[in-house]
Amino acid sequence: MKSASELLAAKVSHENWTPLIEVAVREVFDLMLGCELTVPSTAEEPTLDVTAMVGLAGKLCGVLSVRCEGKAAALMTSKMLGVALDQVGPEVADALGEVCNMVAGNFKNKIAGLSEGCMLSPPTVITGSDYTLRSQTDSPALEVRLLFEGLLIVISLQVHS
Amino acid sequence: MPIRALIVDDSSVMRKIVERSLRQAGIDLTEVFQAGNGAEALVVLKESAVDLILCDINMPVMDGLEFIKLLPGIENAKNVPVVMITTEGSEAHVVQALSCGARGYIRKPFTPEQVKEHVIPVLAGKS
């Protein structure tokens with residue numbers, strides 16, 4: 001998946017990658033779930049108790065995460081599988097992990113020179129909100145906040161320099 | 001034409017999405033085998049013949065490129081077309097996959113239409 005922004009991406013430093021992350025997320029939800037994400041109008045933050053993470057290593061080192069409420073993760077699974085919400089079972093973690101994997105892959109494919117020089121780890125999914133993620137990074141995380149069917153999802157990229 | 005497909009991906013959700021996309025493409029799937037990595041896929045191919053393989057690249061145990069390099073030596077997989085479905089989107093990955101024997105390459109995220117566009121010509125021997 002390529003976009004017009006790809007050509008510009010190599011010229012900007014990682015502090016300016018937030019719009020590319022947002023495009024990458026929007027494309028994944030559009031193509032794989034048939035959903036258009038919207039921008040939250042309030043700063044309200046529900047408890048985001050499911051987190052999927054994918055590590056990046058190589059030319060770019062860091063962690064990309066997708067956080068959301070359990071009901072948002074279940075709804076994503078429902079849409080990905082094309083089944084009713086009440087038929088969704090233990091595959092929720094797998095589905096959110098795959099969403100995170102596709103966002104990470106789609107994002108790195110938009111950065112010229114990064115696509116072939118950056119490897120992705122298999123996704124890790126954490127359930128629960130009482131944890132602190134410490135990453136060996138010296139810069140603040142890039143964060144994108146969007147609504148999926150009215151439910152907040154937060155996508156973060158922590159870059160190790 | 002009835003098709004027996006092998007879908008190789010470490011995500012069970014993605015395997016189901018690929019299967020659904022094949023059916024939406026109008027492909028008559030008589031049997032669908034699934035494997036979570038290349039090593040599991042080799043076990044499937046010891047027992048079963050297939051007509052089409054769809055395979056991820058990044059998987060634990062045995063990745064997709066290592067797996068498809070072994071296919072010419074497997075009786076049930078000789079001349080079976082392989083289409084990669086992966087988040088790896090660089091031209092280098094595409095070239096590497098094609099040089100390893102893949103006949104098609106689909107980047108994730110994808111639409112059912114893209115699966116159709118890439119798989120139908122491969123099945124028809126046009127790719």
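Two residues are in contact here if their C-beta atoms, placed from the backbone, lie within 7 Å. Keep that in mind as we walk through this predicted model, where local features need pLDDT of at least 70, side-chain atom pairs count only at pLDDT 80 or more, and totals for chains, interfaces and linings use all residues. Residues are numbered from 1 along each chain as its sequence is written, while chains are lettered from A and ligands numbered from 1 in the order in which they are written.

Let's start with chain B. Among its contacts between residues at least 6 apart in sequence, 63% join residues at least 24 apart. Chain B has five helices and five strands; helices (H or I, at least four residues) and strands (E, at least two) are DSSP runs, numbered from the N terminus. Going from the N terminus, the order of elements is β-α-β-α-β-α-β-α-β-α. The radius of gyration of chain B is 13 Å, close to the 14 Å that the globule rule gives for 127 residues, so chain B is as compact as a globular protein of that length. That radius is taken over C-alpha atoms, and the globule rule is 2.2 Å times the number of residues to the power 0.38. Along the principal axes, the C-alpha atoms of chain B fill a box of roughly 35 × 30 × 30 Å.

How much of chain B is tucked inside? Of its 127 residues, 46% count as buried. A residue is buried if 20 or more other C-beta atoms lie within 10 Å of its own, exposed if 12 or fewer, and partly exposed in between, with C-beta atoms placed from the backbone.

Now for chain A, which has four helices and six strands. Read along the sequence, the pattern is α-α-β-β-α-α-β-β-β-β. A compact globule of 161 residues would have a radius of gyration near 15 Å, and chain A agrees, with 15 Å. Its C-alpha atoms fill a box of roughly 45 × 35 × 30 Å, taken along the principal axes. Buried residues make up 39% of the 161 residues in chain A. Among contacts in chain A between residues at least 6 apart in sequence, 67% join residues at least 24 apart.

Seven of the eight residues of β2(A) are buried, so the strand is largely enclosed by the rest of the structure. What does β2(A) pair with? One partner is β1 (residues 50-58) of chain A, in the antiparallel sense over seven bridges; two strands pair if DSSP finds at least two bridges between them. These two strands form a hairpin with two residues between them, and T51(A) stands opposite R67(A) in β2(A). Another partner of β2(A) is β6 (residues 151-160) of chain A, again antiparallel, over eight bridges. In that pairing, L64(A) stands opposite L157(A) in β6(A).

L64(A) also leads us to C100(A). Leaving aside neighbours within four places in sequence, C100(A) is in contact with A52(A), M53(A), V54(A), L64(A), S65(A), V66(A) and P123(A). C100(A) is also among the residues with the most contacts inside the largest nonpolar core, along with M76(A), L96(A), V99(A), V103(A) and L54(B), and that core has 77 residues. A nonpolar core is a set of buried Ala, Val, Leu, Ile, Met, Phe, Trp, Tyr and Cys residues joined through C-beta atoms within 7 Å. Helix α4 (residues 92-108) of chain A gives the most to this core, with nine residues.

P140(A) is exposed, with 10 other C-beta atoms within 10 Å.

Where do the chains meet? The contact takes 21 residues from chain B and 23 residues from chain A. On the side of chain B that touches chain A, α1 (12-24) and α4 (91-99) of chain B give two or more residues. The largest share of that side, six residues, comes from α1(B).

Finally, a word on confidence. The mean pLDDT of chain A is 89, and 91% of its residues reach 70 or more; pLDDT is the predictor's confidence in each residue, from 0 to 100. Over residues 2-12 of chain A the pLDDT is below 50. For chain B the mean is 95, and 98% of residues reach 70 or more. The model scores ipTM 0.91 and pTM 0.91.
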